[in-house]
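Q: Could we go through this structure together? I would like to start with the overall picture and then turn to particular side chains.

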2 protein chains.
Amino acid sequence: MNDIHKKSPGRPRSAQSHQAMLQATLELLGEVGFDAMSIDAIAARAGVGKATIYRRYASKAELVADAIERVREEIVIPDTGSLKSDIDALIQSAAQITLSPLGRQTVAMIISSASSNPEFAEIYWTKYLQPRRQAFAVVLERAKARHEIGADLDPGLVFDAMSGIMLYALIFQPNPESWTESVRRALNLLLKGASSFDAELH
Amino acid sequence: MNDIHKKSPGRPRSAQSHQAMLQATLELLGEVGFDAMSIDAIAARAGVGKATIYRRYASKAELVADAIERVREEIVIPDTGSLKSDIDALIQSAAQITLSPLGRQTVAMIISSASSNPEFAEIYWTKYLQPRRQAFAVVLERAKARHEIGADLDPGLVFDAMSGIMLYALIFQPNPESWTESVRRALNLLLKGASSFDAELH
DNA sequence: AATTTACGAAACTGCACCGTATCGAAATAA
DNA sequence: TTATTTCGATACGGTGCAGTTTCGTAAATT
């Protein structure tokens, strides 16, 4: 099953057009947000006919879900030898994505349509948060081996707390510098919880 | 200045109609969200003419901003004699508001229109978060006096971290029970940071 | 009483979008 | 070549909303 035989006659669907509409979708999502985004606008920006979009997706939600699902960023697991530096790198990486217009609008979309379109949260969790959660666990395990933190510290819990703080700072401290600073302070407090981690992150 | 003389002739504006449109605005905001909310729908639900709304507000954003600004919940500062119980009460109170449809949609609105309508975040910060931040500081000061936590713990920082965690859990753990539980666990970790607070919150 | 302003309801214009259909051209298989 | 399918572009009818105006009525001042 799941054969992708090309035996059917006729002109095949254009991979370029498909790519163009996905790209235009992500751009517009970041620029105007989910609700203000029209199919007409996506088609126009992609240089594609509206029918070409409707042939692939039944709704805007489907299109957007597929577009954000296909986003793949490289996840680098830092290994500088010091927990402080490793975490700094992770924060920087997260900031770059989360503070972007696309990152903001994606989160807003997830919250506002949480009840009507739970698949958005699901995709974001699976494709974005989950891999970073595991990368974070690796970093913390290494720090445990170096006795920088206690062995009983739950990486998942710390990651969730850190993500929440980032999200909060994203909303109420939109300024990138104060964002980074307040995330660092909160994380410093967090890690003191079950560790000998008391270095100044500043 | 700022006189509110009633010397002008003619029928005065109806306070009842005004109240009805504000109420309908909050209801619809919680039910369908900011973008899907039409002025027609607000007027219909409030039993008010559309012109009556436009006479008071120039835009939907103005109306919504005024509506959420006028929301006033009683803030009770718990004083049970134990930090654990006090915090439990605060979490319960926050959950009741934040987990409600109105709370969710308000946050979503703030994020998605952060650039176009920064006044929403401003109002939410000033009228909702700020007072709770101060109430939290009172609770923590009492705990310091009882030597339940270290005197060097920054209440504002802890509050911000806690708020962020609540927000995160709101999105990715919409279930009220798991929400409360994960908030408790994170907070427990947080308070271990600079205190002798190691009681099981569960 | 006369005037003035607000009221709810409804009608109205204009616009943006949705989803479908149609067109000639292009790209494939048989 | 012929049949089939997709392509971009455009047109179309339908719907919903914005914002204004009109109407008869209600509530205030002078």
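This is a predicted model: local features need pLDDT of at least 70, side-chain atom pairs count only at pLDDT 80 or more; totals for chains, interfaces and linings use all residues.

Q: Noted. How many helices and strands does chain A have?
A: Chain A has 9 helices and 0 strands. About 65 × 40 × 30 Å is the span of its C-alpha trace along the principal axes.

Q: And what share of its residues counts as buried?
A: Of the 202 residues in chain A, 50% count as buried. The chain exposes about 10,300 Å², with carbon and sulfur atoms supplying 52% of that area.

Q: What about contacts between residues at least 6 apart in sequence in chain A?
A: Among those contacts, 65% join residues at least 24 apart.

Q: Let us move to the aromatics. How many aromatic pairs are there over all chains?
A: The structure holds 12 aromatic pairs over all chains. One of them is formed by Phe34(A) and Phe120(A), which are edge-to-face, at 5.8 Å centre to centre and with 70 degrees between the planes.

Q: Where do Phe34(A) and Phe120(A) lie?
A: Phe34(A) lies in the loop between α1 and α2 of chain A and Phe120(A) in helix α7 of chain A, so the pair ties together parts that are 86 residues apart in sequence. Phe34(A) and Phe120(A) are both buried.

Q: Why is the pair of Tyr124(A) and Tyr128(A) stacked?
A: The pair is stacked because the planes of the two rings are at 25 degrees, with the centres 4.9 Å apart; planes under 30 degrees apart count as stacked. Tyr124(A) and Tyr128(A) are 4 residues apart in helix α7 of chain A, which means that about one helical turn separates them.

Q: Buried or exposed, for Tyr124(A) and Tyr128(A)?
A: Tyr124(A) is buried, with a relative accessible area of 14%, and Tyr128(A) is buried as well, at 9%.

Q: Which residues form one aromatic cluster with Tyr124(A) and Tyr128(A)?
A: The cluster also takes in Trp125(A), Tyr168(B) and Phe172(B).

Q: On to charges, then. How many salt bridges are there over all chains?
A: There are 24 salt bridges over all chains. Among them, the side chains of Asp154(A) and Arg185(B) meet at 2.9 Å, N to O. The pair crosses between chains, from the loop between α7 and α8 of chain A to helix α9 of chain B.

Q: How accessible are Asp154(A) and Arg185(B)?
A: Asp154(A) is partly exposed, with a relative accessible area of 31%. Arg185(B) also counts as partly exposed, at 39%.

Q: Which salt bridge does Asp79(B) form?
A: Asp79(B) forms a salt bridge with Arg142(B), with the closest N and O atoms 3.7 Å apart. Asp79(B) lies in the loop between α4 and α5 of chain B and Arg142(B) in helix α7 of chain B, so the pair ties together parts that are 63 residues apart in sequence.

Q: Finally, which residues of chain A are linked in a network of salt bridges?
A: Glu27(A), Glu31(A) and Arg45(A) are linked in such a network.

How values were computed
Residues are numbered from 1 along each chain as its sequence is written. Chains are lettered from A and ligands numbered from 1 in the order in which they are written. Side-chain values use heavy atoms; hydrogens and water are left out. Rings of Phe, Tyr and Trp (its six-membered ring) pair if their centres lie within 6.5 Å; planes under 30 degrees apart count as stacked, over 60 as edge-to-face and the rest as tilted. Helices (H or I, at least four residues) and strands (E, at least two) are DSSP runs, numbered from the N terminus. Buried means under 20% relative accessible area, exposed over 50%, partly exposed in between (1.4 Å probe, protein chains only). Contact means heavy atoms within 4.5 Å. Accessible areas come from the Shrake-Rupley method with a 1.4 Å probe; for residues, only the protein chains shown count as cover. A salt bridge is a side-chain nitrogen of Lys or Arg within 4 Å of a carboxyl oxygen of Asp or Glu.
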